[in-house]
Amino acid sequence: MMATLKNKIFTSVILALMAFSFSSLGLAKAGDRIRYMPIQDSGRIKPFDTFAQETLEIIYGKKTYKPEEGAQPIDAHWVVMTWMLSPESWANRPLFEVKYHDVLDKLGLSKEKKYFTGEELFRNEKFANVMQELTNKRETKEKLTPYFQALQRLENQFFIFREIASGRMLHVMPRKDSPDVKPEDKDKWIAVADLPIDIQPAFMEISKNVAQYLGAVTDKANVEEAGKKLDDSVLAFQKLAGEAAPEKYTYTEKVKTEVLYNDIHPFRWAYIFYLMAALSLLFIWIRRLEKGMAIVWTFMALGFLVHTLGFVFRVYLAERPPVSNMYETVIWVSWGAVLFSIILELNYRFRLLLLGGSLVGLFALIVADSAPAILDPSIQPLEAVLRSNYWLIVHVMTITISYAAFMLAFGLGDLGLIYSVLGEEKHKETIQKLTTGVYRAIQIGVAFLTPGIILGGIWADYSWGRFWGWDPKETWALIVLLGYIVVLHARLVGWLKNFGMLAAGVVTFSLVIMAWYGVNFVLGAGLHTYGFSAGGVEYVSVFVLLHIVFVAYAYFVQKSQSSKLN
Amino acid sequence: MKFQNKHIQKFWKFSTSFQLGIPIIVSIAVLIATGTIIEAKYNDAYAARRLIYESWMMYLTMGLLIYNLTIVVVDRWPWKLNHYPFICVHAGIILLVMGGYVTQKYGVDGSIAVNIKGKNNYVQMPQTDMVIYATFDGDRYTKMFEQEVDFYKHPPTPEKPFVIKLGETSVNVIDYVPYARLSKKTVVSTSAQAGSSIKFQLMNANVKQVETITQTRKDKAGQFNLGPAQVTLGPVDHKDLKKNEIFLTPKDNDNVIYTVFHRDNPKPFKTGLMKIGDVVSTGWMALEFRLLDYLPKATEEWDVIRTEALTPLTSSAIQITRGADKHWIVLNDLLKIFGTSEAYLMTYQNRRLDLGFPIELKNFKVSRYQGSTKAMAYESEVTVGTDSKAQSATISMNEPLKYNNYTIYQASFQEDEVTRELVASIFSVNYDPGRWIKYLGSLIMSFGIVWLFYQKRKRKTAV
């Protein structure tokens, strides 16, 4: 009975999602303009849509909010907008993801739950204690353990919770150049809370129209009209905001493209196509069909095209090669693995090479897509060390593309071992083909990794004066190279037969995982670890261990098979 | 190649074989992997370098690698055209490793911090030296001892101390802490030349500050500066400093004489005796001066807490004994100890290398990404050299300056811990005589690899 306006807004949000969950492919419709509003955040200009998704991801761990099991999700931009307009309506919603058990213990909260309300977390009397603990730890300047990293996230959640509500976090308007502006504030945009008096009414208008629009969506009445009104008020505000400093408000095209990128979600489409390619290829392979490869190639080509498109999007948006964090390299490496499998397939026509490629591409993209807390998909400005130097492109891209070839060898090795378990004699020909694939892929990898390491040395010499400094990242790249060189030499002199080669393709990839993921996420030392990265260690270890167990199993099966034959 | 002698032939064959080559490669991989784990464990690249990358094990495996690669290349003699790509790759690796050795042996890789608007021509090197000076009159110091020490690799212990003979007496280094968290403490001294120490509180309605002053030597003034006011422990020596001052002059075992001056007034405002616990009102901003502790003979000592790993707050330290006294010396800090008539100045320090020219920092800037605190670029405006050979340049990340065979790179910077104001720029200074060997090796190897892959297409492969 006491349904407040705020509650009303909330219910309307819930219903609004139904309408908006359809808004998948950038079909701009009434009420959507607000997503395109340029925002200054983390050192770049981004659309409100991206800002809202990233913010929600930090506090909630997902890009959309699900009020309860089975309910339709609410888009991030409505969550963030209503939260700023009426923070109280969110105070009692479980919006904050806290997963780390020790943190929950310290706060005296239930470990059964994953999401908590702002009240539960930040009004908790123990909250100040854990924050003090974090401050103390920081003062020692020691490396933060996972527990403290979890506390750091909690602190970040609290900061966002407070700053969004106060309107201090949303920077919507560039500053006019004037002598009164402090030099360090010159490039800083003005937050909603600090808007000049003459601009404030325009933003108020947006707030009012958001409420009315969401109300209209709830009531299912005059939605179109309310949406139009909201759009007009957003445009009116943008016009005013731009007038202050037009030269700093020139991001319209880029912002539009970014919303489109958010909507299309190209990498998800890419793995869907790779999945279809892999499934149709499996079908053809098992049924031993002569025809049908055209379908496989079509799916593969579509997947690769969308994959490339997503990559191009990121290059355009970030204005740099997107290989600066783990997420971006996973995308790039899977792209390379697919490319190499296509090239090898065109050369050998084994079909299986394409299967290996589509499977590793599919797997890598799903991993990248499903762990945003570990593999951060947001576009961030480059660290100062990496900036303004084309060596980044040359050195990082060559090294990581070699990981792509090794990843392909790994996938093909896995397939080969499966056949080996199924019966080495029976599948002799298939195993031979896969071995060829593994060998070739490793050769490609070594051919890229060697110059990649040397280029890294030249870059390091140029920027730090050290051709080789035993930095863990470069050391592990060298270990990878040594590992695969041992494999190639052992094959050359006949120490590794087909089975050995397949097993080597799988086992040696563990070195790549260490160099690529382990140095940043496990060792966390050296010059290459920019900022904090943590998480996923247990999954990756299990993944590596399972493969080693699988290789051992395949080895014993193969042993017993050959002893039976003799 | 073939040898008549059966045993030589057998050994030669083994030297060219993978039975030797593969274990070597695997050992290198295992060694350097251990190095990265050590670096992560101690958060210290220096530790990994000393324990692994510059250890005898590393030299041995690298030596074996060179041996193996050389024999493999020589074994192909007389070389035919189809041997050349193979030879290029392996000779390239030999050159790379040798270039690395030359760099490590004869190169310079140090760092230099230059204050903004200041200059410096000393590069700090990783090697450490122990240096001891002695004085009999307190003014002139003579160097008594100087030696390179490697306590990291060979830490001294009470049982096996590092002994330094100084005339009749000797100083023993008995402990080494690679990662020490430090704080200062004041301890009672028995030396006749030791100074005094006071602990005091200054308080009014807004301020409540506790500080300690310890004299480094008897009658040598120690000071604490509070901006508009200054506290001095020592004889009254009032110069018109345009600030309020209070002097505390040790009198006997229990009393100090206090003398309060007000700014712009050459005559003392008040003076008298005070004991521990006494309070004097200074007449400046209603501040009261309370003597919390007084030690007539005291010295300041380091308090050392051992930690597991390197952090920006740790430093390495050694502990020395001289007779019954024990003291800590922190890396790049001074320790002064007193004998009956003489005093010693001891340092445990990084070696400093004179560049032969100064680096003058005119300005240092950090630019940031729009609207954020994330650094976009670091830039130092410098002038190096003097007079006609002076050269001005801007050094930034990825844009080093080459001068007199040295290359100067932007490495880091210092800021004031409280105000966050930029204080100094840190450069890495480098001289690498092995550079051309490594580049030549890289070139020959890369050339060989391309050739090798081209060649492999034509012959039967291991596919």
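How far apart do the C-alpha centres of domain 2 of chain B and domain 3 of chain B lie? To find out, open the model, which is a predicted one, and colour chain B by its domain assignment, which gives domain 1 (6–107 + 435–458), domain 2 (109–122 + 353–431) and domain 3 (168–341). The C-alpha centres of domain 2 of chain B and domain 3 of chain B lie 35 Å apart.

**Stop 1: two helices in chain B**

Stay in chain B and select helix α2 (residues 18–42) together with helix α4 (residues 56–75), which pack at an angle of about 150° with their axes 10 Å apart. Because of that angle, α2(B) is roughly antiparallel to α4(B), and α2(B) passes α4(B) in a left-handed crossing. Show the side chains where the two helices meet: α2(B) contributes Leu20(B), Gly21(B), Ile24(B), Ser27(B), Ile28(B) and Leu31(B), while α4(B) contributes Met57(B), Met58(B), Thr61(B), Leu64(B), Leu65(B) and Asn68(B). Sorted by class, the residues of this contact of α2(B) with α4(B) are eight nonpolar and four polar, with no charged residue.

Next select Trp77(B) and Pro78(B), which are joined by a cis peptide bond with an omega of about -5°. Pro78(B) sits in the loop between α4 and α5 (84–106) of chain B.

**Stop 2: a strand residue in chain B**

Now select Ile132(B), which you will find in strand β2 (residues 119–135) of chain B. Is Ile132(B) buried or exposed? Ile132(B) counts as buried, because 22 C-beta neighbours lie inside 10 Å. If residues up to four places away in sequence are not counted, Ile132(B) touches Met144(B), Phe145(B), Ile164(B), Leu166(B), Tyr344(B) and Met346(B). For a sense of distance, draw a line from the C-alpha atom of Ile132(B) to the C-alpha atom of Ile93(B): these residues are 39 residues apart along the chain, and the two atoms are separated by 45 Å.

**Stop 3: where the chains meet**

Show both chains and select the residues of the contact between them, to which chain A gives 52 residues and chain B gives 47 residues. On the side of chain A that touches chain B, the elements that give two or more residues are α17 (428–464) and α18 (472–492) of chain A. Of that side, α18(A) gives the most, with 13 residues. The residues on this side of chain A divide into 25 nonpolar, 16 polar and 11 charged.

**Stop 4: a helix pair in chain A**

By class, the contact of α9(A) with α10(A) has 14 nonpolar, four polar and two charged residues.

In the loop between α9 and α10 of chain A, select Lys220(A). Although Lys220(A) is not a glycine, its phi is positive, at about 55°. Lys220(A) counts as exposed because it has 10 C-beta neighbours inside 10 Å.

**Stop 5: a loop and the residues it touches**

Finish in the loop between α13 (293–318) and α14 (326–348) of chain A, where Pro321(A) lies. Glu319(A) lies in the loop between α13 and α14 as well, and it is a residue other than glycine with a positive phi, near 60°. Glu319(A) is exposed, since 12 other C-beta atoms lie within 10 Å, whereas Pro321(A) counts as partly exposed, with 18 C-beta neighbours inside 10 Å.

Which residues does Pro321(A) contact, leaving aside its neighbours within four places in sequence? They are Val315(A), Leu392(A), Ile393(A) and Met397(A). Of these, select Leu392(A), which is found in helix α16 (residues 391–423) of chain A and counts as partly exposed, with 19 C-beta neighbours inside 10 Å.

Key. Residues are numbered from 1 along each chain as its sequence is written. Chains are lettered from A and ligands numbered from 1 in the order in which they are written. This is a predicted model: local features need pLDDT of at least 70, side-chain atom pairs count only at pLDDT 80 or more; totals for chains, interfaces and linings use all residues. Axes are lines fitted to C-alpha atoms, for helices over the stretch in contact, and angles run from 0 to 180 degrees between N-to-C directions. Helices (H or I, at least four residues) and strands (E, at least two) are DSSP runs, numbered from the N terminus. Angles under 35 degrees count as roughly parallel, over 145 as roughly antiparallel, 65 to 115 as roughly perpendicular and the rest as oblique. A crossing is left-handed if the near helix is turned anticlockwise from the far one by less than a right angle, and right-handed if clockwise. Two residues are in contact if their C-beta atoms, placed from the backbone, lie within 7 Å. Ala, Val, Leu, Ile, Met, Phe, Trp, Tyr, Cys and Pro count as nonpolar, Asp, Glu, Lys and Arg as charged, and the others, Gly among them, as polar. A residue is buried if 20 or more other C-beta atoms lie within 10 Å of its own, exposed if 12 or fewer, and partly exposed in between; C-beta atoms are placed from the backbone. Domain bounds come from an automatic or database domain assignment.
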